[in-house]
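Take a look at the structure below. This briefing covers a sheet, a helix across it and some ring contacts.

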Amino acid sequence: MPVNTKEKVKKENKKKNAKQIIEENRKKIVEKLISNMEKGYIFSEWAWNKQAFIPRNAVTGTKYQGINRLNLSFASMENGYEDPRWLTFKKIQEMGYKLKEGSTGVFCEKWIWQKVQKVVNQETGEVEKDENGKEKYEIVELKRPIINYFYLYNASQIEGIEPYISNEKIEKSDITNVADSFMVSSECPIKEKFQDRAFYSPMEDSITLPPRRFFKSDEAFLGTLLHEMSHSTGHESRLNRDIKNKFGTEKYAMEELTAELSCVFLEAELDMNLDFTRQEHINYFSSWIKALKNDPNELYKVCSNASKSCNRLMENYEKVIAFENKQEKNKDEEEMEEAI
């Protein structure tokens, strides 16, 4: 019989609440991250499947976010999963699939900030009904979240599920076009100046880059661009992160880690060849290790912010791509009309 991890740990977790169990799991994730950094890299010292960093629900296609995204990505790399799809044990049964013998689930967090409740008339105390006589419901924001957890199984562990078809990769020749489109999508000015460093200025709300020809490759230029654009999402007019911190402080280090994870998520979304040993980021390892050791829960905040940053930048980028495609289509139609 397959190993249902949830049942396996049920007894030992009986005396713990969900929050305690989640905190223990976060410490394990932090330990993995720190162990890698101490070896000189963040995620892996060898090539890996970029699809691992975009884990999604196998039925709905919804992408997992925040610390769950990081945890599932680690599990994919450690187990060599090439399929980014995941399901709960319950959903596997509902879909008529079968879990392979010996399969172990991956722990994930669940924070519920809303609940659905019946609409009650304050004067009569009765449940209100709509014009069809059905009871009305409303979504209520909770002051304190309901904390829970669940386990996910990779599609590679599931029998009966249809094969996964990967998206087409972006060719190397397209890297320059991708960078250009991201620059157009930027919500703040991007300037190329004759100097030797790249940075985002929160005070001026602008990105400054060395001339593109100074970078060792197009991939290096795009990686740096994505990193600085990730910082720019923290501006108070956007995601409003605490980004005005002094160099060398833990808050400064955590914003750097946020931007780096956002950049990693973005590169994975684009399915590009990655280099996780960029020297300028390795220089932050000691600061990241110190901050995470002081408070493992910081990783939850970092992952959440990185996911939001990635999502915002991808949404803006996709709008530009859609516009460019529309323009190209209109141009082709005009040329066809002229040729007739």
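Which ring does the charged end of R197 sit over? The charged end of R197 sits over the ring of F199, 4.3 Å from its centre. A charge counts as over a ring if NZ of Lys or CZ of Arg is within 6 Å of the ring centre and within 35 degrees of the ring normal.

This is a predicted model, where local features need pLDDT of at least 70, side-chain atom pairs count only at pLDDT 80 or more, and totals for chains, interfaces and linings use all residues. Residues are numbered from 1 along each chain as its sequence is written, and side-chain values use heavy atoms, leaving out hydrogens and water.

**The sheet**

- Four strands form an open sheet in the order β1-β2-β5-β4, with mixed pairing. Helices (H or I, at least four residues) and strands (E, at least two) are DSSP runs, numbered from the N terminus.
- The edge strands, β1 (56–57) and β4 (106–118), each pair on one side only. Two strands pair if DSSP finds at least two bridges between them.
- Strands of a sheet pair through backbone hydrogen bonds, either parallel or antiparallel.
- β1 and β2 (residues 85–87) run parallel and are joined by 2 bridges. R56 has R85 in β2 as its bridge partner.

**The helix across the sheet**

- Helix α3 (residues 66–79) lies across β2, β4 and β5 (137–154). Contact here means heavy atoms within 4.5 Å.
- α3 runs at about 150° to β4. Axes are lines fitted to C-alpha atoms, for helices over the stretch in contact, and angles run from 0 to 180 degrees between N-to-C directions.

**Aromatic pairs**

- The whole structure holds 14 aromatic pairs. Rings of Phe, Tyr and Trp (its six-membered ring) pair if their centres lie within 6.5 Å; planes under 30 degrees apart count as stacked, over 60 as edge-to-face and the rest as tilted.
- F107 and Y149 are stacked, 5.2 Å centre to centre, with 20° between the planes. F107 is in β4 and Y149 in β5, 42 residues apart.
- F107 is buried at 9% relative accessible area, and Y149 is buried at 17%. Buried means under 20%, exposed over 50% and partly exposed in between (1.4 Å probe, protein chains only).
- Y252 and Y284 form a tilted pair, 6.4 Å centre to centre, with 40° between the planes. Y252 is partly exposed at 23%, whereas Y284 is buried at 16%.
- Ring pairs join F247, Y252, Y284, F285 and W288 into a cluster.

**Another charge over a ring**

- R69 lies over the face of F265, 4.0 Å from the ring centre.
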